[in-house]
Amino acid sequence: MPQESSQPGAERPGARPPAGPHRVVVIVDENSNPFELGCATEVFGLRRPELGRDLYDFTLCSPAPRTLMRDGFFTLTGVAGLEAAESADTLIVPNRPDVEVPRRPAVLDAVRRARARGARLVGFCSGAFTLAEAGMLDGRRATAHWQWADDFRARFPGVTLEPDVLFVDDGDILTAAGSAAALDLGLHLVRRDHGAEVANSVSRRLVFAAHRDGGQRQFVERPVPDVPDESLAPVLAWAQERLDSPLSVPDIAARAALSPATLHRRFQAELGTTPLAWLTGERVALACRLIERGVSGLDVVARRSGLGSTANLRALLRRETGLSPSAYRRRFGPAPD
């Protein structure tokens, strides 16, 4: 489950998201990283015919007509000018490996104007440097890639840096540690904007884990199992089919033919979290899906998701989403007849 480093924003007013796709604009600047740009495009830019609607209106923009990407891998042309950032609902700022080089003043001004009119700001990897240079992170929480943690702290002492997490959701400003964590944060935003069911659909198309909590560590001891057949995947799939039963960590350990202590070590090594945190997170995600599908009665949702009591459901759902069950139903549940 999330640690304090990954708390969603406060409950938004209104029962449902505004009509029309939310506009996501990505600023690409000289020497930007192609991978994070690809992550943003995959999550926010692709059409979703399987959902029957577009989730986002997606635009790339750049302060120059030709933008040389990282290490000269390729040159980006034919994208919108920086003025496209003026109408963004969510603005994803540039990231690049040369963190010691100041960002263009025009880019920083675009970020400041977007924030002044209430746009949500997102930084992937070294994008946290862009946000900090623009003065957006003073007194706020953020993360960045672990290798730049010392440099970031030295340059921006007014920012509370959390260097050992995947991403930080500080409400209207969000930052990810970089690389695959950009996908984690992207799916987190889809879940925040459109609910767990839609986020799961997007993750299935990406063939990527639907929910890795922001509080998980940036790196694990053994990211690729030495022997794939000995991974935890089979026992995880087994547990996911039994979330509504009185399933416990010892039950999972027994299924995996491991001691609870060994299971704990394997979870930390392969997933970067604990068995109990994973199990609770899966149950909360199931509760979200049940609410979205129109299952009525908090006691029914609590029982079918394995969370037990309505009090537990309320506490954990608010911790995960920032919303009470009733507010979550209003926002993501079926439209009333």
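**Chat about a predicted model**

Author: Before anything else: in this predicted model, pLDDT stays under 50 over residues 1–18, for which there are 60 contacts beyond four places in sequence.

Reader: Where else does pLDDT stay under 50?

Author: Over residues 214–229, for which the model has 41 contacts beyond four places in sequence. Where pLDDT is low, the predicted coordinates should not be read in detail.

Reader: And what is the mean pLDDT of the chain?

Author: The mean is 84, and 87% of the residues reach 70 or more.

Reader: Which elements have the lowest and the highest mean pLDDT?

Author: Helix H6, residues 196–206, has the lowest mean at 83. Strand E6, residues 90–92, has the highest at 97.

Reader: OK, the sheet. How many strands, and in what order?

Author: There are 7 strands in an open sheet, ordered E5-E2-E1-E6-E7-E11-E10, with mixed pairing. Strand E5 (80–81) and strand E10 (167–169) are the edge strands, each pairing on one side only.

Reader: In what sense do E6 and E7 pair, parallel or antiparallel?

Author: Parallel, over 3 bridges; E7 covers residues 120–124. Thr-90 has Arg-120 in E7 as its bridge partner.

Reader: Which helix packs on the sheet?

Author: Helix H1, residues 34–45, does, touching strand E1 (22–27), strand E2 (56–62), E6 and E7. The direction of H1 makes about 155° with that of E2.

Reader: Switching to helices. At what angle do H10 and H12 pack?

Author: At about 95°, with the axes 10 Å apart; H10 is residues 275–292 and H12 is residues 310–321. Angles of 65 to 115 degrees count as roughly perpendicular, so H10 is roughly perpendicular to H12.

Reader: Which residues meet there?

Author: From H10, Thr-280, Val-284, Ala-287, Cys-288 and Ile-291. They meet Leu-313, Leu-316, Leu-317, Glu-320 and Thr-321 in H12. By class, the contact of H10 with H12 has 7 nonpolar, 2 polar and 1 charged residues.

Reader: Last one, Phe-332. Which helix does it lie in?

Author: Phe-332 lies in helix H13, residues 325–332.

Reader: Is Phe-332 buried or exposed?

Author: Buried: its relative accessible area is 10%, and the cut-off for buried is under 20%.

Reader: What does Phe-332 touch?

Author: Leaving out residues up to four places away in sequence, Phe-332 touches Arg-191, Arg-192, Asp-193, His-194, Gly-195, Glu-292 and Leu-323. One of these, Glu-292, belongs to the range of H10, residues 275–292.

Reader: And how are Phe-332 and Arg-289 placed?

Author: They are 43 residues apart along the chain, and their C-alpha atoms are separated by 9.3 Å.

Definitions and conventions
Residues numbered from 1 in each chain as written. Predicted model: local features only at pLDDT ≥ 70, side-chain atom pairs only at ≥ 80, totals over all residues. Heavy atoms only, no water. pLDDT = per-residue confidence, 0-100. Helix = DSSP H or I, 4+ residues; strand = E, 2+ residues; numbered from the N terminus. Contact = heavy atoms within 4.5 Å. Buried < 20%, exposed > 50% of the residue type's maximum accessible area, 1.4 Å probe, protein only. Axes fitted to C-alpha atoms, helices over the stretch in contact; angles between N-to-C directions. Parallel < 35°, antiparallel > 145°, perpendicular 65-115°, else oblique. Nonpolar A, V, L, I, M, F, W, Y, C, P; charged D, E, K, R; others polar. Pairing = 2+ DSSP bridges.
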